Structures are given as C-alpha cells and as structure tokens.
Amino acid sequence: KNPKAVSILIRGSTEHVVDELERGLHDALSVVKVALEDGKMTAGGGAAATEIAMALRDYAPTVGGREQMAIEAFANAIEIIPKTLSENAGLDPIDMMLEIRSAHKKGDKYAGINVFEGRVEDMMKNHVIEPLRLSMQEIDASSEAATMILRIDDVIASKGVPNDQQQQGNRGNMW
C-alpha cells in the first residue's frame, strides 16, 4: 500500500527501443513529479494553447502596427500545439482547429482534442490535464529561441556588404 521503492521492468526488441522507452518513462515520471510538487494544472489536449492564442488575437488589434503582426505570429506559433496533436493522432488539423476555435468562442475554455474519439471535448471533464509549469516552460523556451534567432538575424543584417563589393557585384570573389 505504501511502498518505499518500486521497480519497473522495461523490455524491448533492441537496445535502442529500450533506451527510448526508458527516456519516455523518465519524462512521464518527471511530469507527474512536477504536477505533485506544484499542484497547479491546465487543461490538456491543446485547450490552454488555444485559449492563449485566441486571447492574443483579441489583444493584437489594440496594439496596431508591426507589434500587432508580431503578436498574431506568436498566437499562430502557440497554436502549433493543438495542430501537432491532431496531426499526430491522424486527424485533419484544419478541421480540428476550426472545431476547437468554435468551442472556445462559445465559451468552453477547456475544449481540447480528444485523440481517442477524434473530436473536441471538455478536457477537464475527461481528466486530461497537464502541469502549469510545463506549459509555462514551453512558452518561455520557445520565446527565448525566437528572440535568439531574431537577434542573430539582426546582427547579420546590420553588418551589411561593403560598398566596393556592391559596385563590383561580388565579381572580386570569383576564381
């Protein structure tokens, strides 16, 4: 009833399969650990990502200009989560996105993709949840990666091409 230790036996056809199973099990146990430590959850199945993306799209027009475009692009990036979930489940991502957005517009903020049934349902009622910390780490990591790419791109663009090469059309670098 209250074990101090538990053993899990992992078997597979090759060492590579066993390694992947071990990695997957470790990831799953880490998620459970985080859930128990924090006690804060969000709805799974792409529900939280969809709600965030829709809120960003509502906010974007109030900003205007280039910032509006950046916010809308960020909303599109966040929606990759339910799109990928539907693709990996063998569902049509366009149909699923239309259905999930429709449910959220009707006020069902917990609407997510039920991959077993192939339809959008209330994830909280289905007990499909994920730790809040995991969702926050996903957004932080992707935002940091995008910022790093933009900074690198900005540095490259600011270097420019010397005037003498522009006039020669880069002919000076040929053999």
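Predicted model: local features only at pLDDT ≥ 70, side-chain atom pairs only at ≥ 80, totals over all residues.
I started with the largest pocket, where α4 gives the largest share of the lining, four residues. Residues are numbered from 1 along each chain as its sequence is written, and side-chain values use heavy atoms, with hydrogens and water left out.

**Entry 1: largest pocket**

I looked up its volume and found about 290 Å³. A pocket is an open set of points on a 1 Å grid over the protein atoms alone where a 1.4 Å probe fits, with protein on both sides within 12 Å along at least five of seven lines; lining residues have an atom within 4 Å of a point. The volume is the space filled by probe spheres set on the points, which are joined across faces, edges and corners.

I counted 18 lining residues, and Gly 45, Gly 46, Ile 81, Leu 85 and Glu 130 are the closest to the centre of the largest pocket. Two or more residues each come from α4 (80–88), β2 (111–114), β4 (129–131) and α6 (132–159). By class I noted nine nonpolar, seven polar and two charged residues in this lining. Ala, Val, Leu, Ile, Met, Phe, Trp, Tyr, Cys and Pro count as nonpolar, Asp, Glu, Lys and Arg as charged, and the others, Gly among them, as polar.

**Entry 2: second largest pocket**

Here I found about 190 Å³ of space. α6 gives the most to this lining, five residues, and α3 (65–78) and α4 each supply at least two. Among the lining residues are Phe 74, Ile 81, Glu 138 and Ser 142. I sorted the lining into eight nonpolar, two polar and one charged residue.

**Entry 3: α2 against α3**

I checked how α2 (residues 47–63) packs on α3: the angle is about 170 degrees and the axes are 8 Å apart. Axes are lines fitted to C-alpha atoms over the stretch in contact, with angles from 0 to 180 degrees between N-to-C directions. The two helices are therefore roughly antiparallel, the word for angles over 145 degrees. The contact (heavy atoms within 4.5 Å) includes Ile 52 and Leu 56 of α2 and Ile 71 and Phe 74 of α3.

**Entry 4: β2 and β3**

I found β2 joined to β3 (residues 119–122) by four bridges, running antiparallel; strands pair if DSSP finds at least two bridges. Ala 111 has Asp 122 as its bridge partner in β3. Four residues lie between the strands of this hairpin, where Gly 118 takes a positive phi near 75 degrees.

Note on methods: Parallel < 35°, antiparallel > 145°, perpendicular 65-115°, else oblique.
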